[in-house]
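Consider the sequence and the model shown here. The text after them walks through a few local features.

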Amino acid sequence: LRKMRSSAALAVAEACGKVILAGEHAVVYGVPAIALPVWGKQAKAALYEGEVSNSSDLKITLPDLHEEFSLSEVKSGHRHAWILETLEVAAQYLKVPTEHSYGLGGKELSVTSTIPVAAGLGSGAAVATVLARVYANYFNLSPSPSEISNIVYEVEKLHHGTPSGVDNTVIAHGQPVYFVRDVCTKVLKVGAPFSLVIADTGVRSETKIAVGDVRKCYEKDPATYQGYFNEVRDIVDSIRDMIEKGQGNEIGPLMIDNQRLLEKIGVSSPELELFVEGALEAGASGAKLCGAGRGGNMAALVKDEETGERVRSIVLTVMFEWIRLLRFNFLVFTIGLNV
């Protein structure tokens, strides 16, 4: 489906992935979270003039999935209903006419992404973000990052039940953020660069299920779970303070503390714990799951490229012995100074 086009795109958009450095799950209950943009993984959208310009339908291509269909084919319950839902929310929010495929009749929309699905890197929020942005760009509108975030949050609610709002926030702003649900979003000032290795277990996990299970446990034993969340709050605030002071390379022990609490909360997994222990054995100063957990990704703090390569090598070895058929993806990136 990747084909040469004779005309330039009418509108384009891109968005980063994300990693939650600390505070996942607890953030749903009013605890702060710190989330970082991951530009090494991106979603992109482009809008073109369609082959039949007088059509009232929108042609959609998803090259990564080798799929091509019309918007009129997408109904509630369709596996790509997120496209229809995002356009509907965006049209209402931006006050754009909704007839003729939300004003996109006769056009062709292409959406691609290198962000793994259901892996804790914000794939759903990223593709919704690029779709909202490309839609706004086509109509020469310039919504702020906060407005795009609001659109994506409404879409996230349809898929995740009670999302924290952190995914749409960090991805829409494209900067490190300190986030408290329904209270504040602040761009996190990074005092000095620090590096993380992101390792994908290859195990997929639905955010909605993990969040729902934690909710059930919280309702069954609120005192114990509130205690866990209070501990997470202290960890997040300490990490924020250290990052702003340029001590990001020293947050490793706090990441480990957060991981132990996530294990108690019930969102870790054997694969994630092997990744964490392998990373620590290889010289990472801290490691934890990131995102919904029960699979997905681990983040490990490394002091240099050599340590990052050791982490990659050790984790691959550990997991090859555990489940030989899994495919692993690694991403090493540095959180730099705000510009």
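What follows covers aromatic rings, a strand and its partners, and the cysteines.

The model is predicted, so local features need pLDDT of at least 70 and side-chain atom pairs count only at pLDDT 80 or more, while totals for chains, interfaces and linings use all residues. Residues are numbered from 1 along each chain as its sequence is written, and side-chain values use heavy atoms, with hydrogens and water left out.

A pair of aromatic rings is described by the distance of the centres and the angle of the planes. Here, rings of Phe, Tyr and Trp (its six-membered ring) pair if their centres lie within 6.5 Å; planes under 30 degrees apart count as stacked, over 60 as edge-to-face and the rest as tilted. By this rule there are seven aromatic pairs. One of them joins Tyr-225 and Tyr-228, edge-to-face, at 5.3 Å centre to centre with 70° between the planes. Both residues belong to helix H7 (residues 222-244), where they are three residues apart, about one turn of the helix. Helices (H or I, at least four residues) and strands (E, at least two) are DSSP runs, numbered from the N terminus.

Tyr-225 counts as buried because its relative accessibility is 10%, and Tyr-228 counts as buried at 16%. The cut-offs are under 20% relative accessible area for buried, over 50% for exposed, and partly exposed in between (1.4 Å probe, protein chains only). Tyr-225 also pairs with Phe-229: the centres are 6.3 Å apart and the planes at 70°, so this pair is edge-to-face. Phe-229 lies in helix H7 too, four residues from Tyr-225, and is likewise buried. Ring pairs link Tyr-29, Tyr-218, Tyr-225, Tyr-228 and Phe-229 into a cluster.

Next come the strands. Strand S5 (residues 107-113) is largely enclosed by the rest of the structure, because six of its seven residues are buried. Two strands pair if DSSP finds at least two bridges between them. Strand S2 (residues 33-49) runs antiparallel to S5, joined by seven bridges, whereas strand S3 (residues 59-62) pairs with S5 in the parallel sense over three bridges. Leu-109 of S5 is the bridge partner of Leu-47 and also of Ile-60.

Last, the cysteines. With a disulfide taken as a pair of cysteine sulfur atoms within 2.5 Å, the count is zero. For Cys-184, the nearest cysteine sulfur is that of Cys-16, 19 Å away. Cys-184 is partly exposed, with a relative accessible area of 21%; Cys-217 is partly exposed at 32%.
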